[in-house]
Amino acid sequence: MDITEHKRHIIITAVVAVVLTGILVATIVATPLINQIHSRAELSAANFADAEAASIRAAFDQHRNLAAQTASRSELARRLAQYHNGEITRTDLADFTRPRLGDAAEGLTNLRAIVRYDADGSELVRIGPMADRLPARLPLREQLDILTYPLDSGVTSPPLLHVDSPITFAGKVVGYDLLLFSLDSLRSIFEGPENSQICLLDKDRTKRITINKETGQFVMLPADPCLAKQLNIQTGIFGNSFRATLEDGTRVMSFLRPLPDYPWEVHVWAEVNEIFGTVIRDIVFSVMVTLVLSLLAGFLVWRSLRPVLQRIAQQASELARSNDELQQAQRKIRRQADHDLLTSLPNRAAILKLLEHAIDQAHRDNSRFALMFVDLDHFKPVNDRYGHQAGDELLKVIAKRLEGSVRDEDVVGRHGGDEFLVITAPLDNTDDAFVIAEKITAVAEQPFRIKDHAVQVGASVGVAIYPDNGTTVTELLQASDAAMYQAKDSGRGGVSFA
């Protein structure tokens, strides 16, 4: 063998060795990273499904709280109890109820109708933009539901969210409220990324709710086209996921998530290429770069792997960052479930939990505290004259003033509309509660600037003392609410103790 043959043999051997070394190194290094990226991509898609389910559940919770807020108005409940006892007529009750339900419906942009029933389930009054177009009889629903109805124009209504709440007075159910909402508040959730679909399926799997991508409207369809129903895959307590192939051959990955406390489940599917496509393309590109650079020389193998590893690490970092963003979104959703979106104060559900905690603490410590029911005076004329946006700005300012007027250890929350609750820390005597209430009325009376106009409202405050006026959440709320109405009857802008 001559020198030329030896040289060629050495070159071939070196090239083969470099290529094989590059393939071996690429395989050893890339395999765990590929598996990690694959797992992170699937985890990211699962977290997206979790976030969508949490958003829908938060929206259902919010609408259920709105129904409970409407049903909690004590004066309306008292009149309904009088009707139940035969003290007033059905006509008198309807005349009293209709305008006050109208006040309660103000600001609920997606509300389509409120129907009030007596304790026997007979309809008393209905209001709302669709009230007169709906069928004459609307049965009560024991659980949150989504239904469509034939309208008087001969067409079918869009899917409507049904939320009912019992109306109680003195511990007895005296009626019910049924609130019907459009699904517009869920639109941003259902309008997901391209090459994916989100739908709601009832637990009996008889109907599903989704958005028609051609018309952009919510529709209620039979459940038969649903992949999970076709494949008989159950959601389970903690959710489920599976892969399937659509009729057109598209491979998808589907995630099923339950909605605790509600008879619905969320189904989310996305094309496999949408979830893993970018990862696969990046991996193929990285391997090709490694193989090409490995042909140059053995020492170039290390240099060729470095950008590949950097690229893979960058992908892993981006996926991790996406996962962190999803977790931040979930924390934001959980915060929104406990805080009023307008004022950032604890919402009705949260402030009632805090009240229950304060009762337990006071019972253990044998201490006293005050619950103050604050209702703004002359707030409706502000809305009527300057608009709801100005009214919202006024509520924000009022919320800040109320927080500034109480002690650091006292808690202020929004009960709903123009109503607020204040839970004080333990009191040495009732005079301390009076001082706090006086500060509240004082800051509420200070003028506001709206569109270069000085606007003055005010506040009436009802005060209930634990345990003198009640030892439960319901008793303290009813006592403070009644005291607040007594303050209003006395000329507004004052303080009244239960």
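## Contact of α2 with α3

In this predicted model, helix α2 meets helix α3 through residues on both sides. From α2 come Glu 75, Leu 76, Arg 79, Leu 80 and Tyr 83. From α3 come Arg 90, Leu 93, Phe 96, Thr 97, Arg 100 and Leu 101. By class, the contact of α2 with α3 holds 6 nonpolar, 1 polar and 4 charged residues.

Helix α2 spans residues 74–84, and helix α3 spans residues 90–105. Their axes come within 10 Å and cross at roughly 165°. Angles over 145 degrees count as roughly antiparallel, so α2 and α3 are roughly antiparallel to each other. The crossing of α2 past α3 is left-handed.

## Contact of α9 with α10

Helix α9 covers residues 379–386, and helix α10 covers residues 388–405. The two axes come within 6 Å. They cross at roughly 140°, and α9 and α10 are therefore oblique to each other.

Helix α9 contributes Phe 379, Val 382, Asn 383 and Tyr 386 to the contact. Helix α10 contributes His 388, Ala 390, Gly 391, Leu 394 and Leu 395. The contact of α9 with α10 has 6 nonpolar and 3 polar residues, and no charged ones.

## Nonpolar cores

The largest nonpolar core has 40 residues. Within this core, Phe 60, Phe 190, Leu 200 and Leu 259 touch the most other members. Helix α1, residues 3–71, supplies the largest share of the core, with 9 residues. A second, separate core has 32 residues. Its members include Leu 376, Phe 420, Leu 427 and Ala 437.

Phe 190 has contacts beyond its neighbours within four places in sequence. Ile 56, Ile 198, Cys 199 and Leu 200 are among them. Ile 209, Thr 210, Ile 211 and Phe 218 are also in contact with Phe 190.

## The chain as a whole

The chain contains 12 helices and 18 strands. It has 498 residues, and 46% of them count as buried. Take the contacts between residues at least 6 apart in sequence: 59% of these join residues at least 24 apart.

## Backbone exceptions

Most residues other than glycine have a negative phi, and most peptide bonds are trans.

Tyr 466 and Pro 467 are joined by a cis peptide bond, with omega near 5°. Pro 467 sits in the loop between β17 (459–466) and α12 (473–489).

## Two positive phi values

Ser 344 is not a glycine, yet its phi is positive, at about 65°. Ser 344 lies in the loop between α7 (298–338) and α8 (348–365). Its relative accessibility is 45%, so Ser 344 counts as partly exposed.

Arg 492 also has a positive phi, near 65°, in a residue other than glycine. Arg 492 belongs to the loop between α12 and β18 (495–497). With a relative accessible area of 43%, Arg 492 is partly exposed.

Note on methods: Residues numbered from 1 in each chain as written. Predicted model: local features only at pLDDT ≥ 70, side-chain atom pairs only at ≥ 80, totals over all residues. Heavy atoms only, no water. Axes fitted to C-alpha atoms, helices over the stretch in contact; angles between N-to-C directions. Helix = DSSP H or I, 4+ residues; strand = E, 2+ residues; numbered from the N terminus. Parallel < 35°, antiparallel > 145°, perpendicular 65-115°, else oblique. Left-handed = near helix turned anticlockwise from the far one by under 90°. Contact = heavy atoms within 4.5 Å. Nonpolar A, V, L, I, M, F, W, Y, C, P; charged D, E, K, R; others polar. Core = buried A, V, L, I, M, F, W, Y, C linked by side-chain atoms within 4.5 Å. Buried < 20%, exposed > 50% of the residue type's maximum accessible area, 1.4 Å probe, protein only.
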